[in-house]
Amino acid sequence: MGKHRVVVVGGGFGGLGVVRGLKRADVEITLIDRTNHHLFQPLLYQVATALLPTGDIAPAFRAILRKQRNAKVLLGEVTGFDTQARKVSVDLPDGTSKQVSYDTLVVAAGSRDSYFGHDDWAGVAPPMKTLEQAVALRSKLLRAFETAVAADDPKQWLSFAVVAGR
Ligand SMILES: Cc1cc2nc3c(=O)[nH]c(=O)nc-3n(C[C@H](O)[C@H](O)[C@H](O)COP(=O)(O)OP(=O)(O)OC[C@H]3O[C@@H](n4cnc5c(N)ncnc54)[C@H](O)[C@@H]3O)c2cc1C
């Protein structure tokens, strides 16, 4: 009989914690994520304000798990679950799809940003939950500073409003 197969969807704090916690278990783990890296979300604002480069907060799963023999990584978008057949459907980067079988399934796919009924605010106050969003925000901030240097009225480029936070 083969080893017990654990499939973990999502390699954030939740999913990665499960994978690492099973390091010494006699199981076969597959970590599936749509990105190839873990993301240390609490430091996203440091990237957005150009204090840290992206690589510092987004280590590759393969690097993190390189010494964990019972874990492998699959890059792909999970699109569904068949809990009767115990299979996860995954869209792979090459455009094909794959079914991954499991004995135990862990879904740790995180959450999405919410404007609490005010989705129209997203246009003026973009969210910051992914690396791409933080990098886009960084470009916007740096461009504002550069524009201010050459502007007749720099102040209009140097006013930033932060909504929410704790
Ligand atoms: C800017 C910011 C600052 C924060 N600061 C703090 C703080 O100071 N202290 C604190 O305790 N918390 C903080 N948090 C919250 C904390 O970071 C999150 O609660 C935590 O990262 C959530 O972890 P998670 O594993 O549940 O989800 P995530 O980290 O979101 O991980 C989910 C993973 O699932 C993957 N995924 C999702 N859907 C799919 C799919 N369909 N197919 C394949 N992969 C998929 C994603 O790519 C991702 O890697 C902060 C969050 C943000 C955004």
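How many nonpolar, polar and charged residues does the shell around the ligand have?

1. By class, the shell around the ligand has 6 nonpolar, 7 polar and 4 charged residues. The model is predicted, and the points below should be read with that in mind.

2. The ligand is surrounded by 17 residues. Gly 14, Asp 33, Arg 34, Gln 41 and Val 78 are the closest of these.

3. At Gly 14, a polar backbone atom is 2.8 Å from an oxygen atom of the ligand. At Asp 33, an N or O atom of the side chain is 2.6 Å from a ligand oxygen atom. For Gln 41, the distance from a side-chain N or O atom to an oxygen atom of the ligand is 3.1 Å.

4. On its own, the ligand has 1000 Å² of accessible area, and the protein covers 66% of this.

5. As to location, the ligand sits in the second largest pocket.

6. Helix 2 (44-48) and helix 4 (131-150) are the elements that give two or more residues to the lining of the largest pocket. Of the elements, helix 4 gives the most to this lining, with 4 residues.

7. What is the make-up of the lining of the largest pocket by nonpolar, polar and charged residues? This lining divides into 21 nonpolar, 7 polar and 5 charged residues. For the shell around the ligand, the corresponding numbers are 6 nonpolar, 7 polar and 4 charged.

Technical notes
Residues numbered from 1 in each chain as written. Predicted model: local features only at pLDDT ≥ 70, side-chain atom pairs only at ≥ 80, totals over all residues. Heavy atoms only, no water. Near = heavy atom within 4 Å. Polar contact = N/O pair within 3.5 Å; in protein donor to acceptor, adjacent residues only side chain to side chain. Areas by Shrake-Rupley, 256 points an atom, 1.4 Å probe, with all protein chains shown as cover. 1 Å grid on protein atoms, 1.4 Å probe; cavity = no way out; pocket = protein on both sides within 12 Å on 5 of 7 lines; lining within 4 Å. Sits in = over half its atoms within 2 Å of the grid points. Nonpolar A, V, L, I, M, F, W, Y, C, P; charged D, E, K, R; others polar.
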